[in-house]
Amino acid sequence: MSKYEFGMSELARFAEDGYLRLGRVASTDQLQAMCDRIDEIMLGHVRYEGMPMQRDTDTGEYGQLPTRTYEESEGTLAYRRIDDLQLDPLFLGYMQHPLFREITEALVGPNVSIFRAMFMNKPAQHGTHLPWHQDVGIGWGLDSNPETTVWTALDSAAVENGCMELVRGSHKHGVINEMHFPSEDDQAKYIREEDCLYLEAEAGEAILLNNLLLHRSARNPTGKPRRAISIAYMDAATRAVETGETFPVIFGEGALTGGVLVDGAPIDGAKNDAKLTGGAPTDGALTDGAPAEGATTDDTRSPDVLEESRQ
Ligand SMILES: O=C(O)CCC(=O)C(=O)O
């Protein structure tokens with residue numbers, strides 16, 4: 001058993017259920033810093049070259065999601081999704097947390113890259129209905145499917161504000177539909193009501209997800225946002241089928257540097273080629289290297305159509 005209490009029994013539970021609660025990994029200060037930073041990015045006070053930003057819909061219809069914008073993005077808290085969070089030292093620091101290193105080393109190996117590091121938002125009184133899907137398939141354009149995602153609540157997530165819902169054990173069916181979304185027939189076949197559960201989470205809580213696990217989320221009719229970040233880790237040898245390119249390395253050889261702790265300690269091993277185009281501070285990341293108290297163990301972008309399917 002490691003100091004983070006992630007060991008064989010946790011691995012076994014993850015293998016059985018397809019998800020695992022990691023507890024509050026982000027400390028209070030760190031969580032606050034990430035919440036502030038993502039709002040600064042949305043409002044345009046902090047900008048990164050090439051950071052893809054997607055506005056939320058007004059209707060909540062997934063099919064009406066707009067295409068992404070970049071540096072010229074409008075300043076508003078009404079974004080649904082922002083990718084390439086590794087460009088920001090604060091988020092890079094979080095995704096290089098020692099607990100995630102340990103977990104990905106056990107599940108993926110020593111050299112780990114990210115397919116995506118994204119902010120997922122259900123803005124107050126908005127949010128887009130996200131249909132049942134798996135985070136794998138040819139739509140992602142990879143030569144092998146990633147299996148490990150860490151999803152972290154920035155605000156508490158509950159049924160009322162559109163928390164995730166998942167089908168426990170559904171990862172065992174393998175890839176159900178290569179284009180991401182299961183058909184109605186597949187849903188009837190693979191989604192049993194008794195296996196569905198709402199993944200309510202406290203602010204700061206991290207949850208490990210098998211990318212094959214069926215999940216979805218609803219709208220947020222409340223007056224507060226439901227913000228989260230989701231990092232898909234994979235073997236650093238994974239390549240984009242179209243271009244042959246590899247992805248940003250987070251752990252191991254050639255890992256990005258520049259992610260630092262909020263208390264000032266650098267993350268070891270960590271080059272960040274981030275180009276900050278706003279006036280934001282570039283330091284600040286994890287508050288500390290340990291999980292917060294109370295931790296439990298219980299896109300070289302493809303065409304838009306493929307990008308959307310990467311949800
Ligand atoms: O945060 C959500 O509502 C959905 C997140 C998701 O689908 C993911 O992280 O893969």
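1. How do the residues of the shell around the ligand divide into nonpolar, polar and charged? There are 5 nonpolar, 4 polar and 1 charged, where Ala, Val, Leu, Ile, Met, Phe, Trp, Tyr, Cys and Pro count as nonpolar, Asp, Glu, Lys and Arg as charged, and the others, Gly among them, as polar.

2. Please keep in mind that this is a predicted model, in which local features need pLDDT of at least 70 and side-chain atom pairs count only at pLDDT 80 or more, while totals for chains, interfaces and linings use all residues. Residues are numbered from 1 along each chain as its sequence is written.

3. Around the ligand stand M120, L130, D135, T149, W151, M164, H215, S217, A228 and S230, each having its C-beta atom, placed from the backbone, within 6 Å of the ligand. At least two shell residues come from each of β6 (148-153), β10 (215-217) and β11, strands being DSSP runs (E, at least two residues) numbered from the N terminus.

4. An open sheet is formed by 4 strands in the order β5-β10-β7-β8, with antiparallel pairing, and two strands pair if DSSP finds at least two bridges between them. Because β5 (130-133) and β8 (196-199) stand at the edges with a single partner strand each, one side of each is left without a neighbour in the sheet. Between β5 and β10 the antiparallel pairing runs over 2 bridges, and H133 has H215 in β10 as its bridge partner.

5. E242 lies in the loop between β11 (226-235) and β12 (249-251), and its C-alpha atom is separated by 8.3 Å from that of L142, 100 residues apart along the chain.
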